[in-house]
Amino acid sequence: MTHHRIVIIGGGNAGLSVAGRLHRHGVDDVVVIEPRDQHRFQPLFSHAAGGVARASMTVRPQASVMPKGVGWIQEAVVDLDPDDASVVLASGRRVTYDQLIVCPGMQLDWDRVPGLTAALGTPSVASHYEFELVPKASRLLRDLRRGTAVFTQPPGPAKCAGASQKPMYLACDYWRATGVLSDIRVVMIVPDPTVFGIPEIDRELERKIAEYGIELRTGTELRSVDGANRTAEIGPVGGGGASERLPYDVLNAVPPQSAPDWLKSTSLPAAGDSGGFVEVDPETLRHVRYDNVWALGDAAATRNSKSGGALRKQTKVLAENVLAVLDGKEPTTRYDGYTVCPFTVSRSTVVFAEFDDQYRLKPTIPFWKSLSRERRLSWLFDRHILPWVYWHMILKGRA
């Protein structure tokens with residue numbers, strides 16, 4: 001058994017950013033538990049699948065991105081006991097803590113869609129939500145010249161659900177430039193009543209959808225896949241209503257998602273939460289039953305839409321509140337529900353959607369309300385500036 005002042009489960013965006021912030025503010029015993037030896041920048045997956053970035057740009061060695069002065073335990077967590085303030089690792093080793101920060105991200109539940117796991121092994125099905133499948137998705141979209149391309153977005157909660165649409169817009173722009181768009185039927189499956197949920201953003205996206213001739217199926221989900229016969233079964237969300245068999249030549253599928261299975265089996269989720277998300281105060285990010293447990297990011301039961309953009313404010317709030325508790329004070333900093341989803345609607349423009357947990361527009365620059373319109377400037381930020389900021393500042397806890 002080993003003991004640390006701060007134990008962080010998860011070495012992704014959330015975990016490393018919080019670790020860096022805490023260490024820079026003088027906490028000298030911070031350790032991150034992360035089994036992977038590679039760190040992946042997921043916002044670039046859609047760019048790579050859409051052919052405007054290389055998959056290699058999304059990956060760096062985990063050791064190279066760890067904040068200086070922060071410890072790293074390269075193992076997987078299999079259980080934790082908040083009553084005993086301990087974490088159990090796959091090796092059987094037990095790590096105890098003064099404060100625990102839980103941010104392991106979400107898992108992709110491929111098997112919740114019958115036939116989808118098997119279909120991924122066929123030539124026509126891929127997903128840009130899985131790093132190993134990103135190059136396959138890119139090749140399929142690049143090489144398609146005629147036929148039907150189907151893109152799916154899962155019912156929430158899901159990590160940056162809007163990212164399900166990004167490769168579709170990039171591919172349509174490419175197909176238009178190469179003169180084959182008119183020969184390709186493009187179908188987008190969206191579980192919500194509208195393409196996004198905020199009227200201003202809906203109007204921008206619907207304009208691009210009409211421009212590309214995309215068939216938008218709202219209130220619909222992927223129910224099953226027959227990879228051998230290249231057909232997808234779709235139907236109304238919730239299981240009711242009639243199903244439709246949709247033939248495809250390319251299927252880019254994004255599966256349902258939930259918290260990691262090991263987390264679901266602990267006492268951290270609320271009773272009855274099938275998703276297994278950590279039950280926290282959505283403003284302070286502190287657990288509602290365990291005062292020395294915190295959570296942020298995709299695995300936290302907050303009200304905001306889950307995305308990397310939400311972490312910029314969440315990490316700051318959580319770090320300040322943990323520091324206050326370490327000083328014997330009550331946590332007073334509040335997270336306001338902010339998140340952001342940059343929609344890459346062409347190979348040179350982005351619709352920048354900034355909003356809160358009530359789906360109200362919340363622009364970072366209040367007087368620039370038209371930032372949610374399609375812009376070239378937003379593309380430059382999303383594709384070129386943000387990746388540099390991520391590798392050099394966000395993961396160090398400096399942004």
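## Basis

The model is predicted: local features need pLDDT of at least 70, side-chain atom pairs count only at pLDDT 80 or more, and totals for chains, interfaces and linings use all residues. Residues are numbered from 1 along each chain as its sequence is written, and side-chain values use heavy atoms, with hydrogens and water left out.

## Aromatic pairs

The structure holds nine aromatic pairs (ring centres of Phe, Tyr or the six-membered ring of Trp within 6.5 Å; planes under 30 degrees apart are stacked, over 60 edge-to-face, the rest tilted). Phe 41 and Trp 391 are edge-to-face, because their centres are 6.1 Å apart and their planes stand at 65°. Phe 41 is in the loop between β3 (38–40) and α2, and Trp 391 is in helix α10 (residues 376–392), 350 residues apart. Helices (H or I, at least four residues) and strands (E, at least two) are DSSP runs, numbered from the N terminus.

Phe 45 and Phe 131 form a tilted pair, with 5.9 Å between centres and 45° between planes. Phe 45 lies in helix α2 and Phe 131 in the loop between β10 and α5, so this pair ties together parts 86 residues apart in sequence. Phe 196, Phe 343, Phe 355 and Tyr 359 form one aromatic cluster.

## Helix α5
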